[in-house]
Amino acid sequence: MNLDEYLFRKKISKTDFAKRVGITRNYLSLISLGRSLPSKRLAKDIEFETGGEVTIDEILNPKE
């Protein structure tokens, strides 16, 4: 599952999720669009916050 799909299904705003992982909403949007790749540490934090529903692999290797 990609990050946008996860946020939509869980009804979590990008702003709220960005705060949870310690980044800006703008940067989270770039990550979810595949326009910016986060550090491995941040990808791991995102995976943790999603309970593993969005994996590190999905974050670091986005499909277009």
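Leaving aside neighbours within four places in sequence, leucine 3 is in contact with Phe17, Leu28, Ser32, Ile46, Thr50 and Val54, where contact means heavy atoms within 4.5 Å. The model is a predicted one, in which local features need pLDDT of at least 70 and side-chain atom pairs count only at pLDDT 80 or more, whereas totals for chains, interfaces and linings use all residues. Residues are numbered from 1 along each chain as its sequence is written, and side-chain values use heavy atoms, with hydrogens and water left out.

The predictor's confidence in each residue, pLDDT, runs from 0 to 100; its mean over the chain is 94, and 98% of the residues reach 70 or more. Confidence is highest in H2, at a mean of 98, and lowest in helix H5 (residues 56-60), at 93; helices (H or I, at least four residues) are DSSP runs, numbered from the N terminus.

Leu3 is also one of the residues that touch the most other members of the largest nonpolar core, a group that includes Leu7, Phe17, Ile23, Leu28 and Ile46, out of 15 core residues. Two or more residues of this core come from each of helix H1 (3-10), helix H2 (14-21), helix H3 (25-32) and helix H4 (40-49). Such a core is a set of buried Ala, Val, Leu, Ile, Met, Phe, Trp, Tyr and Cys residues joined through side-chain atoms within 4.5 Å, and buried means under 20% relative accessible area, exposed over 50%, and partly exposed in between (1.4 Å probe, protein chains only). In soluble globular proteins, nonpolar side chains tend to be buried together.

Isoleucine 56, by contrast, lies in helix H5 and is partly exposed, with a relative accessible area of 26%. Beyond its neighbours within four places in sequence, isoleucine 56 is in contact with Ala43, Lys44 and Glu47. Its C-alpha is 8.9 Å from that of aspartate 45, a residue eleven places away in sequence.

H5 also gives the most to the lining of the largest pocket, with three residues, and H1, H3 and H5 each supply at least two. By class, this lining has seven nonpolar, four polar and five charged residues.

In the loop between H1 and H2 lies lysine 11, which is exposed, with a relative accessible area of 77%. Although lysine 11 is not a glycine, its phi is positive, at about 55°. Most residues other than glycine have a negative phi.

Note on methods:
Ala, Val, Leu, Ile, Met, Phe, Trp, Tyr, Cys and Pro count as nonpolar, Asp, Glu, Lys and Arg as charged, and the others, Gly among them, as polar.
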